[in-house]
Amino acid sequence: MVFPISNRQLFIGGEWREPVLNKRIPIINPATEQIIGDIPAATAEDVELAVEAARKAFSSNKGKDWPSAPGAVRAKYLRAIAAKITERKTELARLEATDCGKPLEEAAWDMDDVAGCFEYFADLAEGLDAKKKAPVSLPMETFKCYVMKEPIGVVALITPWNYPLLMAAWKVAPALAAGCTAILKPSELASVTCLELAEVCREVGLPPGVLNILTGLGPEAGAPLASHPHVDKIAFTGSTVTGSKIMTAAAQMVKPVSLELGGKSPIVVFEDVDLDKAAEWTAFGCFWTNGQICSATSRLIVHESIAAEFLDRLVKWTKNFKISDPLEEGCRLGPIVSGGQYGKVLKFISTAKSEGATILCGGVRPQHLNKGFFIEPAIITDVTNSMEIWREEVFGPVICVKTFSTEDEAIELANDTHYGLGAAVISNDLERCDRVSKAFQSGIVWINCSQPCFCQAPWGGNKRSGFGRELGEWGLDNYLSVKQVTQYISNEPWGWYKCP
């Protein structure tokens, strides 16, 4: 099924602009491997223009037009964006499913979450008006003190391809709510809906330069943006390797960063569970979004007494998925986002097999699909702690399995990773769930589920999964700096020095 892609340009200073060097990147439909359009490819020259536009918008009218405007003013724009996203939900979902390969129903769910995210941060923007001068209690009556939260400035927002518009919203909405101006650089593998966000901003009359959107390659657009001296903060979601490079670039100017990076999250299944409920959550936790989730619970740690029966159920659940073009009704697993990523996933699987692991099921092209980057969901057993498949993020529909006999052993296996984004525990013993939750070394814990995400709750990890938190009030704080203001209020002289 062909779905038309608008021929967009870069969005800089509230206008569509051709890239300075007139470069473009083809859009490849991962379900058909066909070129279906192209996107503009920004370079350092375009980054200069975008940063200049954002800086101008931040300082316009001494900041009164945006950063110093009442939060209620910014909230009006955020709500207008949310309304437009809702209005265009069907179209945007189809564009996203076509662009990155996620099932259409998932993409539609994402659009609801995008609108909800803008609505939520609109509320928080209004709330800032009531917190303009938060008093601080002091031990000396001769002084009074208050704290001001101010927008951090011009921010660079670099986002991934697995949730193209939603990951953009997670950064754009709080940045704008805080009063920052921004340059969004989405992944070149899935940028179409982010360019449509630019059109939405133009339609609702967002002041020019408040949000600029540059599509392009990482080395040509992302790198000069991350290292630009007039960008005040970088927020990045993506691979740990790229996150490390961004942190290095920011360190040269002592620039703040927040990083949401890779994961190799565990799901621990105890012996007292309902096998089918646990199997469905296990499948959802790893195979949702075609397995391309940074928080995917892709390390299954299952109690040895139920392992054989549980894996039998899990195999049956995965074999029951509809694997198809993401636009087909009922699709539950679409293609991997690109040929390059497809090759990486297949190599992980072949390496696991060569190291002695067993491919229990999947890991190959579905027989009914001879085109597209499709992989049957893979379940891999006979895994050792040192295997690549156990230690490294695959970012595809692949789950690896180990068994345990005691709670302590399960916790040790779960924490034996240099990542720390998410973790899940499934058990009917809620006291045990509480103990295990406290013992997990991760920023997010799910009990008797995997992957639910709400914009009101903080999101982020520790260890090599990054630092800083997105969403909730914590997400807004990412884009605010704190200023202390202290006033001497006594009529008496300070009296420290002898009066001459």
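Residues are numbered from 1 along each chain as its sequence is written. The model is predicted, so local features need pLDDT of at least 70, side-chain atom pairs count only at pLDDT 80 or more, and totals for chains, interfaces and linings use all residues, while side-chain values use heavy atoms, with hydrogens and water left out.

**Exercise 1.** Work out the strand order of the open sheet of seven strands, and find its edges.

*Step 1.* Know the terms: strands (E, at least two residues) and helices (H or I, at least four) are DSSP runs, numbered from the N terminus. Two strands pair if DSSP finds at least two bridges between them.

*Step 2.* Read across the sheet: the order is 14-15-16-13-12-17-18, and the pairing is mixed.

*Step 3.* Look for strands that pair on one side only: these are strand 14 (358–361) and strand 18 (444–447), the edge strands.

*Step 4.* Strand 17 (residues 422–426) runs parallel to strand 18, and four bridges join them. Here A424 sits opposite W446 of strand 18.

**Exercise 2.** Which cysteine sulfur is closest to that of C180, and how many disulfides does the model have?

*Step 1.* The cut-off used here is a pair of cysteine sulfur atoms within 2.5 Å.

*Step 2.* Check C180: the closest cysteine sulfur belongs to C117, and at 15 Å that's too far for a bond.

*Step 3.* Check C449: the nearest cysteine sulfur, in C433, is 10.0 Å away, and C449 is in no disulfide.

*Step 4.* Tally up: zero disulfides by this rule.

**Exercise 3.** Are C180 and C449 buried or exposed?

*Step 1.* Set the cut-offs: buried means under 20% relative accessible area, exposed over 50%, and partly exposed in between (1.4 Å probe, protein chains only).

*Step 2.* Apply them: C180 has 0% relative accessibility, so it's buried. C449 is buried too, because its relative accessible area is 15%.

**Exercise 4.** Find where K62 and Q451 sit, and what their phi values are.

*Step 1.* Start from the background: most residues other than glycine have a negative phi.

*Step 2.* Take K62: phi is near 55 degrees, a positive value. K62 lies in the loop between helix 1 (44–59) and helix 2 (71–87), and at 78% relative accessibility it's exposed.

*Step 3.* Take Q451: phi is positive here as well, near 85 degrees. Q451 is in the loop between strand 18 and strand 19 (466–467), and with 8% relative accessibility it counts as buried.
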